[in-house]
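Grab a pencil and work through these exercises with the model open beside you. Each task comes with a solution that goes step by step.

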Amino acid sequence: YSWYVMHRHAGFFHEPGAFQIVLNLSLLFNLDIIASGKQKTNIKLAFILLALFLTMSTNAYLSTLLILAVAFKDKIMKSKYLAIPLLFAFIAICFYILTSYVFIDKFSKQDEIGSSAYIRKNDMLACLRMFIEHPLLGVGNGDEFTMYSVRYDNITSSNGIVAEMARLGIFWLVLYAIYFMQAVKRICQKNKLHYWAIIIVCIMLFSNEDMMGFPLAYLFIFKFKDHAEATQLAEIQQDSKS
């Protein structure tokens with residue numbers, strides 16, 4: 001069984017949904033740079049967008065559209081000539097997503113056993129049930145989680161956030177949310193639009209795959225230097241050399 005037989009790009013990850021999380025995070029970490037529109041940036045952006053397109057992931061498309069809308073908001077608002085072409089492009093992309101076999105297959109067979117929508121719905125309900133029954137510390141990892149998954153028909157733990165809540169409980173969720181929001185606030189340098197965009201997109205991404213236990217999910221909780229501090233440090237180093 002291979003995603004490439006299905007003509008979907010998964011990189012070296014276990015499936016396209018996981019690969020698109022990495023690609024979209026690379027866009028989130030570079031919102032300001034993408035908005036600059038430099039030639040080198042555009043070339044890199046084109047490669048990332050091509051890879052995202054080839055994942056054929058509904059979640060990837062929706063997340064990427066939101067990221068690009070936020071990144072290019074100022075240019076769209078300032079240029080009247082861009083508004084109409086971009087509107088048509090947005091409509092065309094939405095039409096493609098809504099008519100793609102991935103989207104149709106996912107939402108037209110939500111009551112069909114074995115379909116993606118059916119599995120995802122069952123996964124979320126099963127993990128929510130585990131969390132409600134063990135709200136403080138969760139059911140734990142390993143054998144305990146496997147036992148409850150078999151009991152409640154959780155097949156793939158496809159909603160990563162809810163699955164981690166089931167494993168680790170409410171204390172994990174509160175601690176993660178606090179450090180996550182603090183880190184995002186620092187990264188965004190008081191830009192409220194970028195702040196909420198990162199939070200919303202990350203919820204969308206990690207609700208799509210069981211990757212909350214991966215180091216990737218904890219990138220945002222580290223304390224990064226803000227742009228002003230980094231620029232000031234670079235200027236000091238440059239002055240010392242000269």
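**Exercise 1.** Work out which residues of α9 are exposed and which are buried.

*Solution.* Start with the outward side: Asp143, Val150 and Arg151 are exposed there. Exposed means over 50% relative accessible area, buried means under 20%, and partly exposed is anything in between (1.4 Å probe, protein chains only). Now look down the axis of α9: the buried residues fall within an arc of 105 degrees, so they line one face of the helix. That arc is taken from the directions from the helix axis to the C-beta atoms. Finally, step just past α9, where Asp153 takes a positive phi of about 70 degrees.

A quick word on the ground rules: this is a predicted model, where local features need pLDDT of at least 70 and side-chain atom pairs count only at pLDDT 80 or more, while totals for chains, interfaces and linings use all residues. Residues are numbered from 1 along each chain as its sequence is written, and side-chain values use heavy atoms, leaving out hydrogens and water.

**Exercise 2.** Find the charged ends that sit over the rings of Tyr148 and Phe145.

*Solution.* The test is that NZ of Lys or CZ of Arg lies within 6 Å of the ring centre and within 35 degrees of the ring normal. For Tyr148, the answer is Arg151, with its charged end 5.0 Å from the ring centre. For Phe145, pick Arg167, whose charged end is 4.2 Å from the ring centre.

**Exercise 3.** Describe the largest nonpolar core and say what Phe220 touches.

*Solution.* A nonpolar core is a set of buried Ala, Val, Leu, Ile, Met, Phe, Trp, Tyr and Cys residues joined through side-chain atoms within 4.5 Å. The largest one has 35 residues, and Phe220 is one of those with the most contacts inside it. Two or more residues come from each of α1, α2, α3, α4, α10 and α11. Helices here are DSSP runs (H or I, at least four residues), numbered from the N terminus. Now list partners of Phe220, skipping neighbours within four places in sequence: they include Leu25, Leu28, Tyr179, Val184 and Cys202. Contact means heavy atoms within 4.5 Å.

**Exercise 4.** Classify the ring pairs Tyr176–Tyr218 and Tyr195–Trp196.

*Solution.* Rings of Phe, Tyr and Trp (its six-membered ring) pair if their centres lie within 6.5 Å; planes under 30 degrees apart count as stacked, over 60 as edge-to-face and the rest as tilted. Tyr176 and Tyr218 have ring centres 5.2 Å apart and planes at 90 degrees, so they are edge-to-face. The two are 42 residues apart, with Tyr176 in α10 and Tyr218 in the loop between α11 and α12. Tyr176 is buried at 12% relative accessibility, while Tyr218 is partly exposed at 21%. Tyr195 and Trp196 are edge-to-face too, at 5.2 Å and 85 degrees. Tyr195 is buried at 16%, but Trp196 is partly exposed at 49%.
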